[in-house]
Amino acid sequence: MSTASIMNTYGERKLTFTKGEGCYLWDKQGNRYLDALSGIAVCGLGHAHPEVAQTIAEQASTLLHTSNLYLTDPGLELADNLCAETGMEKVFFSNSGAEANEAAIKIARKYGNDKGITKPVIITMDGSFHGRTMATLTATGNSKVKTGFTPLLEGFVHVPYDNIDELKAAATSDVVAVLVEPVQGEGGVNIPATDYLNQLRELCDQNDWLLMLDEIQTGNCRTGRHFAFQHNQIQPDVVTTAKGLGNGLPIGACMARGKAAEILVPGTHGSTYGGNPLVCQGALTVQKVLKRDRIDSKAMETGNYLLDSFNQAIGSSALVKEIRGMGMMIGIELTMDCPELVGKAADKGLLINVTAGSVIRLLPPLTLSKQQADDVAEIVSSLVNELEAQG
Ligand SMILES: Cc1ncc(COP(=O)(O)O)c(C=O)c1O
């Protein structure tokens, strides 16, 4: 076996994993790694969660797929469950985060078209990440993902994140929606002012725009609330999520309420696999465990513990520009690019990510124990100290 037959979209990958359990992964050689990335904010409940695994096995031997020409109970139950949790009213199920955002973008465009705006504009943020499909990469506020893919789509305007005045200045009468991450993930774990979402809500209300939150990464207890917007006690018009929703099952959801909930009607959108009984039954168990085990509070507690540990260990390092986090979404911004830390951490048995060049991003399973948090903090801090010592 080699990588020769795999399209080279991910660059060199040195590790091949064969097994996971809880917060650990094992490679082909039998080495164990503490996973502080959880499949990029996906396996919030850790790997091979017994209840999720059992649900999947049972559902696979009962009913895997029917297409959306028919109803199945798991999809109905999961949609009810998500609406009850979020205050949203209708759900469209997709297979990924990008597709959930595609649904949101289509809602916004049709919302505009229905109002007679033929060239509707969606405002998105610099530094944002919304996916790799043509519409979502156009929405993304990072030129790297766009290079080589012109022509891009019309109808997106980018403004600085966490800046209401600049957003107001960019607004035209063609604007129909604002699409924003409550915390920017790929952009470097950027946390806006605490009332940013409230201000956006107000602005959207004043202008009849849809407030669309991309909670692909921040949803499902990652930031210490079930959904990040719940920190602000606002109600968005559209919320997308994926990643932690299925703990590894490919499922995404675009949720809408009020005027946004009625826009997509028969024939306007669809997916062959989206929300099939396997992924929905699995996601139902994930949601049940998140709720029952109060994983939101646990994520907040362990996240704060990690922040404290980092502040104590490397807070005064000359190399550390800022340590920031919300729940189990933690970023340590260095004063220099540090992509080599990913490999160095793996050599010490720890999986981390570096994003936006200089930000060490940690997205551990939300079930991380105190001891495991100590291990994460110790290894990452030692890497930063070693880098500093190298000058
Ligand atoms: C905020 C956000 N939106 C959208 C996406 C795209 O999700 P997917 O890779 O499942 O298409 C991601 C993935 O990292 C994300 O973090």
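Guide: A salt bridge here is a side-chain nitrogen of Lys or Arg within 4 Å of a carboxyl oxygen of Asp or Glu. By that rule, E51, K288, R292 and D293 are linked in a network of salt bridges. Please note that the model is a predicted one.

Visitor: How many salt bridges does the structure hold?

Guide: The structure holds 16 salt bridges. One of them joins K119 to E154, with 3.0 Å between the closest N and O atoms.

Visitor: Where do K119 and E154 lie?

Guide: K119 is in the loop between α4 (97–114) and β5 (121–125), and E154 is in the loop between α5 (134–139) and β6 (156–159). The pair therefore ties together parts that are 35 residues apart in sequence.

Visitor: Are K119 and E154 buried or exposed?

Guide: Both K119 and E154 are exposed.

Visitor: What about D208 and K259, and what does that pair tie together?

Guide: Their side chains meet in a salt bridge at 2.8 Å, N to O. D208 sits in the loop between α7 (196–207) and β8 (210–214), and K259 in the loop between β10 (252–256) and α8 (277–292), so the pair ties together parts that are 51 residues apart in sequence.

Visitor: Which residue forms a salt bridge with E333?

Guide: That residue is K321, and the closest N and O atoms of the pair are 3.6 Å apart. E333 belongs to strand β12 and K321 to strand β11, so the pair links distant parts of the chain, 12 residues apart.

Visitor: Why does E333 count as buried?

Guide: Buried means under 20% relative accessible area, and E333 has 16% relative accessibility. K321, by contrast, counts as exposed at 57%.

Visitor: Changing topic: how is the chain divided into domains?

Guide: The domain assignment gives domain 1 (17–48 + 294–389) and domain 2 (51–292). Taken over C-alpha atoms, the centres of domain 1 and domain 2 are separated by 26 Å.

Visitor: How much area do domain 1 and domain 2 bury between them?

Guide: The two domains bury about 2300 Å² between them, and 61% of that is on carbon and sulfur atoms. On the side of domain 1, L45, M326 and M329 supply 30% of the area buried against domain 2, more than any other three residues.

Visitor: How many residues are in contact there?

Guide: 29 residues of domain 1 are in contact with 29 residues of domain 2.

Visitor: Which elements give two or more residues to the side of domain 1 that touches domain 2?

Guide: They are α1 (38–41), α9 (295–314), β11 (320–326), β12 (329–334) and β15 (359–362). The largest share, five residues, comes from α9. By class, this side of domain 1 has 17 nonpolar, eight polar and four charged residues.

Visitor: What about V279, buried or exposed?

Guide: V279, which is placed in helix α8, is buried, with a relative accessible area of 7%. Leaving aside neighbours within four places in sequence, V279 is in contact with L249, P250 and I251. The C-alpha atoms of V279 and L383 are separated by 38 Å, and the two residues are 104 residues apart along the chain.

Visitor: And D347, how far is that residue from Y33 in space?

Guide: D347 and Y33 are 9.2 Å apart, C-alpha to C-alpha, although 314 residues apart in sequence. D347 has its place in helix α10 (residues 341–347) and is exposed, with a relative accessible area of 70%.

Note on methods. Residues numbered from 1 in each chain as written. Predicted model: local features only at pLDDT ≥ 70, side-chain atom pairs only at ≥ 80, totals over all residues. Heavy atoms only, no water. Domains from an automatic or database assignment. Contact = heavy atoms within 4.5 Å. Buried area = accessible area lost by both parts, 1.4 Å probe. Helix = DSSP H or I, 4+ residues; strand = E, 2+ residues; numbered from the N terminus. Nonpolar A, V, L, I, M, F, W, Y, C, P; charged D, E, K, R; others polar. Buried < 20%, exposed > 50% of the residue type's maximum accessible area, 1.4 Å probe, protein only.
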